[in-house]
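Please find below a colleague's note on the structure under review. It is set out as numbered points, to be read beside the sequence and the model.

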Amino acid sequence: MVSGGDRVASDAANFLISCDLMPSIRLLPPSVVNKIAAGEVIERPASVLKELVENALDAGARRVDVTVEQGGVDLVRVVDDGGGIAPDELPLAVATHATSKLETADDLFRVRTLGFRGEALASIAEVSRFSLRSRQPDRPAGALLEVVGGQAGPVEPCGGPPGTCVEVRNLFFNTPVRRKFLRSTQTEMGHISESLTRLALARSDVHFTLRHNERLIYDLPASNDLLARVALFFGRELADDLLAVESCDGPNRLVGWVARPSQSRAHPRMQYLFLNGRHIRDRALQHALGEAYRGLLLTGRYPICFLNLEMPPDEVDVNVHPTKLEVRFQDGGRIYSQLLGTLRTKFLSTDLTHRLDPAGAAGSDGASEHDPEHAAKLRSELVDWAKGQLAARTPASAVSEPEAATAVAPARQAVLDLGVRLPGRPLELNPVPREWLPPAAESRPEVAPSNSPPSAFRVPPSASVAPVRALQIHDRYLVAESDEGVLVIDQHALHERILYEQFRERVLSGALESQNLLIPEAVDLSAADASLLMEHRETLAKLGVQIESLGGSTILVSSYPAMLAKLSPVEIVRAVVEPLAAAGRTPERRDMIDELLHMMSCKAAIKAGDRLTDEEVTALVEQRHLAQDTHHCPHGRPTALVFTRDDLDRQFKRI
Ligand code: ADP
Ligand code: MG
């Protein structure tokens with residue numbers, strides 16, 4: 001048996017032996033340095049494509065043709081019609097840290113080109129069979145340089161059109177470990193295509209083509225219309241759902257397109273952000289984007305955008321990442337606010353109502369022929385709606401007032417009794433500028449008459465207000481006529497949205513009424529849930545939920561929001577735990593408040609299946625205008641679909 005002391009002694013001996021064997025420090029030969037550098041810059045064929053195309057763009061190319069074979073592993077060829085390279089400079093172009101784009105160290109802080117580090121060609125040539133053929137436009141002929149695994153051959157004269165052609169074959173042929181990390185042709189092709197997409201979106205003024213194994217994948221003629229390019233990459237449907245945004249803040253200009261909330265993705269990869277024409281990834285800006293869409297998208301969905309930020313090059317450091325994907329702004333906070341403010345303003349001034357795009361509306365390209373299923377579905381939806389409308393008008397199915405009242409489930413009655421006087425206080429609660437409100441809204445009285453029935457939906461006096469024509473169908477949808485056409489509203493989603501906005505306003509202004517329990521109620525939970533609640537005690541207090549720990553897994557509830565008065569403390573506490581648990585241990589306070597507000601508005605809103613009186617229907621539909629975003633419920637589902645008159649006329653073949 002080896003004693004503890006013996007083991008220490010033998011470990012020390014081993015250490016000395018290994019120190020003995022440790023070689024002395026040496027400078028690495030350039031080929032190893034280059035291979036290490038190549039590892040940083042060149043991860044896969046798509047990185048080769050990116051570097052080569054960036055060089056072409058820096059050289060002023062108007063057209064860039066890319067050919068790849070086997071996902072770029074066998075070949076990446078980029079041909080451009082740019083300024084070219086002088087024959088005697090070809091060896092320099094493939095030397096490490098050789099660039100024509102920087103002169104002094106200060107230039108690093110005003111970079112106007114995509115490249116500036118002077119290491120891409122050297123890195124690529126180190127790990128491939130590489131050839132560089134170039135001709136400057138004012139010279140009768142060009143020159144060719146070949147490099148195999150870092151070993152450069154002689155510069156030889158050659159013919160060819162003005163511009164540059166770089167061929168990269170057998171990537172990583174001399175670094176088998178790296179080659180092993182390459183994925184299937186299909187996967188590598190996916191990366192290639194994404195790389196080209198980013199470059200081509202940043203420069204819609206340049207003609208790009210992409211061929212894979214002789215097949216033409218993209219042919220993107222130059223145009224100054226980014227939208228046209230978006231349509232080529234992602235389809236017309238998305239392009240049609242984009243909103244133009246533009247704003248200036250001093251020398252900084254933000255310009256581009258963002259998708260309506262009806263278009264979103266389960267991943268953030270469709271968030272194309274560019275800085276002075278360079279694709280970048282920036283967590284802060286992505287966060288700002290998420291904030292701008294807060295409440296407009298379902299949880300787990302990400303907005304889509306194509307945005308370019310133009311700013312003086314000395315306000316941003318692009319030299320913080322080997323592939324220049326990440327940058328550092330001098331005043332990140334200012335750009336964050338600009339992005340958030342621009343988008344929020346845009347959404348507030350835009351009708352985000354989910355538009356059903358009837359097949360016929362696609363016009364001359366006749367989408368109905370292309371997608372008969374969609375057209376049929378739409379038609380049947382319309383027919384259902386029409387049937388529902390007819391049924392509601394026939395006396396047999398009409399529900400008399402008393403019946404309607406008894407049809408109301410107790411839970412919903414409780415909700416209606418919460419005294420949420422929607423018409424009474426919208427203007428003081430709501431930050432929507434007056435000019436955006438319908439004129440009638442401003443003439444409404446501030447407080448509803450005190451002797452009116454205790455309902456959530458008090459009907460505003462109609463003397464000066466043209467009544468909204470609306471009716472409830474299937475106990476869950478409201479059909480209303482608007483100037484534009486017909487709205488089909490999801491009653492729960494809309495009410496939830498309105499309540500959410502009101503609750504949020506009240507919480508923000510500290511005006512949320514809470515109700516103290518005469519006798520605080522003890523609630524038993526799991527120990528984990530109890531401690532989770534106690535951790536967030538302060539945040540809950542902001543929302544009007546006062547709790548204390550009774551030790552172990554028991555919580556004492558002493559007050560909770562007045563608007564949830566008819567739910568029991570147990571129900572409330574259980575409902576609160578769920579979003580807290582889902583948010584993880586350290587959710588951002590603001591996210592959590594938002595989650596809880598969602599939950600509360602969902603609980604307090606009328607449900608699908610609740611029958612409403614005509615007055616309630618009218619009142620609810622009229623509330624639509626009073627919330628900041630009634631187009632989506634807080635979970636991001638649309639609250640209403642609109643069938644424009646044109647859509648209807650077209651469907652019924654009137655036009
Ligand atoms: P960087 O782009 O950072 O300068 P590279 O290694 O990518 O470094 O390129 C080295 C140099 O080779 C560039 O600075 C440029 O002068 C020249 N070069 C590379 N590709 C082209 C091209 N397609 N057209 C003209 N010049 C090029
Ligand atoms: Mg470069």
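1. Basis. The model is predicted, so that local features need pLDDT of at least 70 and side-chain atom pairs count only at pLDDT 80 or more, while totals for chains, interfaces and linings use all residues. Residues are numbered from 1 along each chain as its sequence is written, chains are lettered from A and ligands numbered from 1 in the order in which they are written, and side-chain values use heavy atoms, with hydrogens and water left out.

2. Cavities. Rolling a probe the size of a water molecule over the atoms shows where empty space is left. On a 1 Å grid over the protein atoms alone, a cavity is a set of points where a 1.4 Å probe fits but cannot get out, and its lining residues have an atom within 4 Å of a point.

3. Lining of the largest cavity. Which residues line the largest cavity? They are Leu-254, Leu-273, Phe-274, Ile-280, Leu-285, Leu-307, Leu-309, Ile-335 and Leu-339. By class, the lining has 9 nonpolar residues, no polar and no charged ones (Ala, Val, Leu, Ile, Met, Phe, Trp, Tyr, Cys and Pro count as nonpolar, Asp, Glu, Lys and Arg as charged, and the others, Gly among them, as polar). At least two lining residues come from each of strand S11 (271–275), strand S13 (305–310) and helix H11 (332–348); helices (H or I, at least four residues) and strands (E, at least two) are DSSP runs, numbered from the N terminus.

4. Ligand 1. Of the 19 residues around ligand 1 (a heavy atom within 4 Å), the nearest are Asn-55, Thr-99, Ser-100, Lys-101 and Gly-118. An oxygen atom of the ligand is 2.8 Å from a side-chain N or O atom of Asn-55, and one is 2.5 Å from such an atom in the side chain of Ser-100. For Phe-116, a backbone N or O atom lies 3.0 Å from an oxygen atom of ligand 1.

5. Helix H18. Residues 491–508 form helix H18, whose 18 residues reach 26 Å from first C-alpha to last, close to the 26 Å expected at 1.5 Å a residue (1.5 Å times one less than the number of residues). Because 17 of its 18 residues are buried, H18 is largely enclosed by the rest of the structure; buried means under 20% relative accessible area, exposed over 50%, and partly exposed in between (1.4 Å probe, protein chains only). At the start of H18, a side-chain oxygen of Asp-490 comes within 3.1 Å of the backbone nitrogen of His-492. Just after H18, Gly-510 has a positive phi of about 70°.

6. Helix H23. In helix H23 (residues 614–623), 8 of the 10 residues are buried. Among them are Glu-616, Val-617 and Leu-620.

7. Single residues. Glu-214, in the loop between strand S7 (207–212) and strand S8 (215–220), has a positive phi near 75° although it is not a glycine; Glu-214 is exposed, at 64% relative accessible area. Lys-653, in the segment after helix H24 (645–651), is not a glycine either and has a positive phi of about 60°. Is Lys-653 buried or exposed? Lys-653 counts as exposed because its relative accessibility is 67%.

Methods
1 Å grid on protein atoms, 1.4 Å probe; cavity = no way out; pocket = protein on both sides within 12 Å on 5 of 7 lines; lining within 4 Å. Polar contact = N/O pair within 3.5 Å; in protein donor to acceptor, adjacent residues only side chain to side chain.
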